[in-house]
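Here is my note on this model, point by point. Please read it with the structure open.

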Amino acid sequence: MAAADVVNFVDFSAHGAQEDAKEDALDIEQGTHEEEDKDTPTTTGSTAAGKKKKKKKKASGSAVVPQPGTAVQENESTQVPAQETPRVEQEQEGDKGTAEGAGEESKQKKKKKKKAAGATAEEGKECPAPAAESSPICNDTGMLLLFDGSYREPSTPQPCKKQTTPPSVPIREIYPNQNYPKGLEMPYTDDTVAAQRFTTEEKKALDRAQADVYADVRRAAEAHRETRKYIQKWLKPGMKLIDVCEHLEGVARTLVEEKGLEAGLAFPTGCSLNFCAAHYTPNAGDETVLTYDDVCKLDFGTHVNGRIIDCAFTVAFNPKYENLLQAVKDGTRAGVMAAGIDARMCEVGEQIQEAIEAYELELDGKTYPIKAIRNLNGHSVGQYHIHGGKTVPIVKGGDQTKMEEGEFYAIETFGSTGKGVVHDDMECSHYMKNFEAGHVPLRLQRSKQLLTVINQNFGTLAFCRRWLDRLGQTKYLMALKSLCEAGIVEAHPPLCDVRGSYTAQYEHTILLRPTCKEVISKGSDF
């Protein structure tokens, strides 16, 4: 219906333009328009207003019947000779009716404009299509500005519903036509990549062929953005980490509309503190509390049809850690800038290390150099496969492997005031089924039953003991250990630097599209 309304609007506009042209020509022929302006000033104001109203009415296709005074004034300005005085008297009496009709016409025109625009958001069926957007590409010399807030944000589709606080409206209901907001689009600047990628029709066609994949991953990204935006405002010192994780995961599940293996969380929420860099989430009974002087890394993921968003940020309430956070944030920016089609992993790692180790941190009168944690890496991301096979180092000296078109990467950087090397420590909470594991015969019935639960609910995605508790599983530790020993499930214990040190983490998921590089998880926060 919206399309039909627009066509009618255009037809009326064309018809109205022709009639206006005829009237103007008639005014010139008769030469009466200017004479009446001089002789009858009171009537002329009404006449001009009536003429404008008539033109607008024709353009909008309004079916409102004009007031008698308005119609008389229009005729007088174009056709009525000066000697027809009864018409003038009739116009003066109809001025009041004209003023009243103007308000009614205005309301009618607003209604018509709404129809012509196709605004059906209230029905919840379809959103208006967004305006054609140009890529938010900065100039060739200032690409880093794209990450510190000075880039031009891409235009976002008009939502059909408003998000609540706390977030409770699923992303699919906000954008029911699957026109989800894009991430930050950036050009490939590497000399090995053709400069015309962004405009060539062949690459655009390849882009369009992946529309379903892009829709899935952008929906997961929007759920991640909304969740972390809310959590960053909600998080306060004094909260238990287990409560923080469960609340965050509850919001993310709602926004992404968790449904088995089709959509949900990609891995457990990491909330590693201080010297612990990654892979820590509280198990049942953990009473750890977040304090003002803690440095907390919040790392969580969402997915739709196995298209994973892996994104992390660091929270520190005490401003004395600002340099540590800024160093790692700059490292992630440098990694995103260096990544691209045909970019070599070693070159990306070198850029990241240079950015991180340009900072130092002063704590209690002592200065600590900030080091990139050399045995932690970014990684490629596959469908239902968080560690897709390729690693992105964060120090120089990596391998010569190249990034390829169509790949997803998690650009993940860590900085530390300690040794810059992590090791396994503390109680394990993260587990994940081996992506390459085939059929392995199991002797224990409980192990078989637990493996069935894992396959049905997590597949090859990571999970934690809290999630098994949530599914009603009890007394499963021996069975879980049996699966790990058989090589079917892998344990991922917390990774820690030396005690007393502080670590930070920032991470973005990028997609190497045929036309450009898209930072899918980019938000207003970082």
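Contact here means heavy atoms within 4.5 Å.

1. Leu-298 and its surroundings. With that cut-off, and leaving aside neighbours within four places in sequence, Leu-298 is in contact with Ile-231, Leu-235, Thr-269, Gly-270, Cys-271, Cys-311, Ala-312, Phe-313 and Val-315. Leu-298 lies in strand S4, residues 295-304. Its relative accessible area is 0%, so it counts as buried. Take Ala-312 from the contact list. Leu-298 and Ala-312 are 14 residues apart in sequence, yet their C-alpha atoms are 5.6 Å apart in space.

2. Confidence. This is a predicted model. The protein chain averages a pLDDT of 79, and 69% of the residues score at least 70. Two stretches need a caution. Over residues 1-19, pLDDT stays under 50, and the model has 15 contacts beyond four places in sequence for them. Over residues 28-102, pLDDT also stays under 50, with 78 such contacts. Where pLDDT is low, the predicted coordinates should not be read in detail.

3. Helix H14, the buried side. H14 spans residues 477-485, and its buried residues are Ala-479, Leu-480, Ser-482 and Leu-483. Why do they sit on the same side of H14? They cover an arc of only 155° around the axis, which puts them there. The general rule is that an α-helix has 3.6 residues a turn, so residues three or four places apart point the same way.

4. The buried residues of H14 pack against strands S13 (430-433), S14 (462-464) and S15 (489-492), and against helices H12 (445-457) and H13 (465-470).

5. Lys-475 is in the loop between H13 and H14. Its phi is near 50°, a positive value in a residue other than glycine. Is Lys-475 buried or exposed? At 79% relative accessibility, Lys-475 counts as exposed. Just after H14, Gly-487 also takes a positive phi, of about 80°.

6. Asp-364. This residue is not a glycine, but its phi is positive, at about 55°. Asp-364 belongs to the loop between strand S6 (360-363) and strand S7 (366-369). Its relative accessible area is 77%, so Asp-364 is exposed.

7. A cis peptide bond. Which form does the bond from Thr-165 to Pro-166 take? The bond is cis, with omega near -5°. Pro-166 is placed in the loop between helix H5 (85-117) and helix H6 (171-174).

Technical notes:
Residues are numbered from 1 along each chain as its sequence is written. This is a predicted model: local features need pLDDT of at least 70, side-chain atom pairs count only at pLDDT 80 or more; totals for chains, interfaces and linings use all residues. Side-chain values use heavy atoms; hydrogens and water are left out. pLDDT is the predictor's confidence in each residue, from 0 to 100. Buried means under 20% relative accessible area, exposed over 50%, partly exposed in between (1.4 Å probe, protein chains only). Helices (H or I, at least four residues) and strands (E, at least two) are DSSP runs, numbered from the N terminus. The arc is that of the directions from the helix axis to the C-beta atoms.
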